[in-house]
Amino acid sequence: MKISCKYLALFFLIFLNGCGSSSDDEILDPIDEVIAKITSNKLNLNDTEIATIIVSDFTLDQELYNATFGNFDIVLKKKANNKLNFLVPPNMESGSYQLEVDFSSNSLEFNVTKTILQDTPENTIVSFAGSFETDIENTIALFSQGNIPPQLLSAKDDIQKAISELNSLGDEDKIIAAKFIKNNSLEINELESLLSQQDILYSPKSQSKLCNTPQCYFAYGAKVFIAVTLLEAGGTIAVIGAIIVGVDAIVSLIRGKQSILVSKAKKVAEEALNITLFWRDKLLDVVFDKANNSIFNKSKNQNDNEIENKTEVTFKIKPSKRTLDAEDANSSEDFVNDFVAAYLSLKNFWNENFANSLGAFPDFNDNEEQTFADELSQFSIAIATNSDNVEVSDISGNVEEFSATFTNKTDLKQDFSLDVIFAETNVEAKTSIDLIIGFDESSLEKISGDNQNAIQDETLEEPIIVKVTDEDGSGLVDVEVFFTIIEGEGTLSASSIKTNSEGFAEVDWTLGNNTNNQKLEAAVKNSVGDDIEGSPLIFTATAKELELSLEKVSGDNQNGDENEVLENPLVVRLVNNDGNPISSRTVDFSITSGDGSLSSSSATTNNNGLAQVNWTLGASTNTQTVEVSAKYDDGTVIENAPLVFSANINFNLLGIWIIPDIDGTEIDKFGEECNGQFNKIIRYLSSKITFNSNSGFVLETNEITEYPNSVCTSNGWNLGAESVKVETSTDPFDWNLNGTTLTLIFDNGTDPYPFTLEIIDMNNIKLISIDDPGDDDVILQRQ
């Protein structure tokens, strides 16, 4: 039996609204033209597909409106305040078709594709129904007895009847029915695919489930709820085909399928609403019990919240967990916010459209419980305020009781807040408690480095070491110790040092240049500027001078004229054993022989360690000497002092020189010889040598004894009477002095006698023959 397409479209659009339209509804005459606009989110359609248009600038106050779609007269059915549905007529050829509505100022062009089934109509219908019997039984098994959705219980019979009725249709009607199912079952198919991705029942400890965390399950649930709300009211998306024959069968088939899927969605909601979680806004209220240094999350009066330093605090905490509630729509957690929003939207939609057939939608259950954490690592303790001065150790223990130690790093009481932090499934929550922590009285003590000796300006062999300890004797870290030199002119490697992890602080001390006792102070102040116990400490050290020595620089072994200043001053250098010059020290000079004088009896060393004086020689012809000395600060003479400088008056050869001790010594025999003897004897009585400028003479007085009547016998001379006479002779010569070589030249420059001149002193010289050393040597004495 066939009726007009316009009538059939109207019929099925009425069904689209849940079969809820009154039988008195009628299609109204065209309304007066107004300015309105129509749009659609989908302009590509298939024949037998339900299409939706959106109306703007117009109030839809009727349920039905006339329209034309190409050459077809159709009826638009109100779906929402600004939406209308229509059915694309079956068996339309592929092409473009204009939709024109009486009240709209514009028309819409849709592209329609004629549907070609890829399978037989029977297989298309059976494929859509699926293994519904098993699916229904599994879905019923999800619910407890008495809580099974009523429509689900009759769905099996409805689907079997629908399939049977659809199979009894004629071929053309089967094709139309199959096309309708194919083109209008998208949302049902998507929901079925989504539900098949996860197990419906939530099991957080399952290793096989794809979703075994609350975050994952809530995200999954939100997707399911959104998919359900896309289903058309009354018949899901089921606007049935374009012929009266088979309408009831298609309605039953789609509603049966819908009953299975939305029942499963209802079970997803029940499971999600029973999940208990730890939420940021419902952590735990904690209190501190001073009696046993414990923190609990249960009701009890909070005692005095002051703890001693280095106190171990015990934590006995059961995190509070609860199920979702309506306030979680404003949760800061996206996965919670999204789930609750989708849940509330579906709940309203459900209760309007499915409550009568599938029962009321699950509601929040407001369950709450306290349980121990799964792992200790879910807890942590942090200093929330004043973390610069208070620190907390890592926690230890177990989930039922764990502890942490709090340490005040200062020397004053400290107010601070601690955060108890619990984390589960990527949700972190914390609660705070305010405490006051005491402090340890600290003290300063010497460790090493006192009473050392060192050379001045050198660093002590051992560093100065102190230790800052608490009441238990344990070292305190990061305490600043100040070091100050209070006597002496030394230096320190640092003026302040913070104690290390063991409480020690040390500096190197370089002594000053003075040799007096030197002192250093080590001090520690508390936060208000007062010395802690033991502070300040005084360290002493004795600075010894470096070993000093004098060096001759210049002025030694000079010659000069008597009563005249020597050409060069006497210069010495004072140095230490490193060879460095010593400045500003007194050097003493004194004449030890000769009767000369000095410009000063002492001199002060300059920056180069030099000191000098001028020396005026005396009249003494002997070597004249000056001693130079210096002392340490303690009055001890330095090791290599004194140094001795020597000088002589310039030697003057001019004048008369005599040969001393001439006492008639026989010096020669001559005359006639008899058996090796001579008969004349010469004895020196005196001999003088006079040196004039480049010339001179020898004045010699000799006694000559002769024997004029002497007779030579076989035994030698028989001398007889003697004759004695004195003769004086003068022998002139020229002379020159070249260095120490004195040459006397006799016989008018033809007979040279070279001598080495040895100056014994200014009045005594020795002439040593160069040609015949030893025999012709002579000592002369100034007359």
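Mentor: The link between Cys-674 and Cys-712 is right-handed, with 80 degrees about the S-S bond. The model is a predicted one, in which local features need pLDDT of at least 70 and side-chain atom pairs count only at pLDDT 80 or more, while totals for chains, interfaces and linings use all residues. Residues are numbered from 1 along each chain as its sequence is written, and side-chain values use heavy atoms, with hydrogens and water left out.

A disulfide is taken here as a pair of cysteine sulfur atoms within 2.5 Å; under that rule the count is one disulfide, and the S to S distance between Cys-674 and Cys-712 is 2.1 Å. Cys-674 belongs to strand β42 (residues 666–674) and Cys-712 to strand β45 (residues 711–713), so the pair ties together parts that are 38 residues apart in sequence. Helices (H or I, at least four residues) and strands (E, at least two) are DSSP runs, numbered from the N terminus. Cys-674 is buried, at a relative accessible area of 1%, whereas Cys-712 is partly exposed, at 45%.

Next come β43 and β44. Two strands pair if DSSP finds at least two bridges between them, and strand β43 (residues 677–692) is joined to strand β44 (residues 695–706) by twelve bridges in an antiparallel arrangement. Within this pairing Ile-682 stands opposite Ile-704 of β44. The hairpin of β43 and β44 has two residues between the strands, and Asn-694 takes a positive phi there, near 65 degrees. β44 is also joined by twelve bridges to strand β47 (residues 723–738), again running antiparallel, with Thr-701 opposite Thr-728 in β47.

Turning to an open sheet, we find five strands in the order β22-β30-β29-β24-β26, with mixed pairing. Its edges are β22 (452–455) and β26 (496–498), each with a single partner strand, so one side of each is left without a neighbour in the sheet. With axes as lines fitted to C-alpha atoms (for helices over the stretch in contact) and angles from 0 to 180 degrees between N-to-C directions, neighbouring strands of this sheet are turned by 30 degrees against each other on average, direction ignored. Strand β24 (residues 480–487) pairs with strand β29 (residues 517–523) in the antiparallel sense over five bridges, and Glu-521 in β29 is the bridge partner of Thr-484. In the loop between β29 and β30 (537–544) sits Pro-536, and the peptide bond from Ser-535 to Pro-536 is cis, with omega near 0 degrees.

The loop between β39 (624–630) and β40 (643–649) holds Lys-631, which counts as partly exposed at 44% relative accessibility. Contact means heavy atoms within 4.5 Å; leaving out residues up to four places away in sequence, Lys-631 touches Arg-585, Thr-636, Val-637 and Ile-638.

Finally, the helices and their packing. A nonpolar core is a set of buried Ala, Val, Leu, Ile, Met, Phe, Trp, Tyr and Cys residues joined through side-chain atoms within 4.5 Å. The largest such core has 65 residues, of which Tyr-220, Val-224, Phe-225, Val-228, Leu-253 and Phe-339 touch the most other members. Among the elements that give two or more residues to this core are α7 (214–229), α8 (247–273) and α9 (334–353), and the largest share, twelve residues, comes from α8. Domain 2 (121–199 + 224–279) and domain 3 (286–325 + 364–437) both contribute residues, so this core lies between them; the domain bounds come from an automatic or database domain assignment. Val-224 touches Leu-191, Leu-194, Leu-195 and Ala-265, not counting residues up to four places away in sequence. A second, separate core of 24 residues includes Ala-36, Phe-69, Met-92 and Leu-108.

Notes
Buried means under 20% relative accessible area, exposed over 50%, partly exposed in between (1.4 Å probe, protein chains only).
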